[in-house]
Amino acid sequence: WDAFFNGAGEPAPVLSTSPAAPLTVWAQCRFLLNQPLRAAAKDRLIASIDLKENKGRESYACWLELRNATTKQAARAGPIELSD
């Protein structure tokens, strides 16, 4: 998947986990949500992520929310220590 950071410059920075993309320190991670989130093929999903620096571990804690804009339902994960 690719993450586009619109509004952070031109062109917008992109973080990609594609095997064809240039190497980065980013990797694919799985986030176990607190509940299933039903989505149909035409539903619009919105993801938001909050990162908080953990200076003691030289990493970040992450909170994730995945929201179905069509059904207004949401599922969450976090805090997740990204150094684990």
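Reading from the N terminus, the elements of this protein go β-β-β-β-β. That comes to five strands and zero helices. Keep in mind that this is a predicted model.

**Overall picture**

- The protein has 84 residues, and buried ones make up 17% of them.
- Along the principal axes, the C-alpha trace spans about 35 × 30 × 25 Å.
- The accessible surface comes to about 7000 Å², with 55% of that belonging to carbon and sulfur atoms.
- Take the contacts between residues at least 6 apart in sequence: 32% of them join residues at least 24 apart.

**The three-stranded sheet**

- Strands β3, β4 and β5 line up in that order as an open sheet, with antiparallel pairing.
- β3 and β5 each have a single partner strand, so they stand at the edges and one side of each has no neighbour in the sheet.
- On average, neighbouring strands here are turned by 10 degrees against each other, if you ignore direction.
- As a general point, side chains in a regular strand alternate between the two faces of the sheet.

**β3 meets β4**

- Strand β3 covers residues 45-54, and ten bridges join it to β4, the two running antiparallel.
- If you want a landmark on this pairing, L51 stands opposite C62 in β4.
- The two strands form a hairpin with four residues between them. In that turn, E58 has a positive phi of about 50 degrees.

**β4 meets β5**

- β4 and β5 also pair in the antiparallel sense, this time over six bridges.
- Two landmarks here: L66 has A75 as its bridge partner in β5, and E65 has R76.
- The hairpin of β4 and β5 has five residues between the strands. K72 is the one to look at, as it takes a positive phi near 70 degrees.

**Salt bridges around E65**

- How many salt bridges does a search of the whole structure find? It finds two.
- One of them pairs E65 with R76, with the closest N and O atoms 3.0 Å apart. This pair links distant parts of the chain, eleven residues apart: E65 sits in strand β4 (residues 59-68) and R76 in strand β5 (residues 74-81).
- E65 also forms a salt bridge with R67, where the closest N and O atoms are 3.4 Å apart.
- Because these salt bridges share partners, E65, R67 and R76 join into one network.
- In general, side chains of opposite charge can pair when their charged atoms come close.

**E81 and its neighbours**

- E81 lies in strand β5.
- Its side chain makes a polar contact of 3.1 Å with the side chain of N54, and another polar contact of 3.1 Å joins the side chains of E81 and S59.
- Which residues does E81 touch, leaving out those up to four places away in sequence? They are N54, R57, S59, Y60 and A61.

How values were computed: Residues are numbered from 1 along each chain as its sequence is written. This is a predicted model: local features need pLDDT of at least 70, side-chain atom pairs count only at pLDDT 80 or more; totals for chains, interfaces and linings use all residues. Side-chain values use heavy atoms; hydrogens and water are left out. A salt bridge is a side-chain nitrogen of Lys or Arg within 4 Å of a carboxyl oxygen of Asp or Glu. Two strands pair if DSSP finds at least two bridges between them. A polar contact is a pair of N or O atoms within 3.5 Å; within protein, one must be able to donate a hydrogen and the other to accept it, and residues adjacent in sequence count only if both atoms are side-chain atoms. Contact means heavy atoms within 4.5 Å. Buried means under 20% relative accessible area, exposed over 50%, partly exposed in between (1.4 Å probe, protein chains only). Accessible areas come from the Shrake-Rupley method with a 1.4 Å probe; for residues, only the protein chains shown count as cover. Axes are lines fitted to C-alpha atoms, for helices over the stretch in contact, and angles run from 0 to 180 degrees between N-to-C directions.
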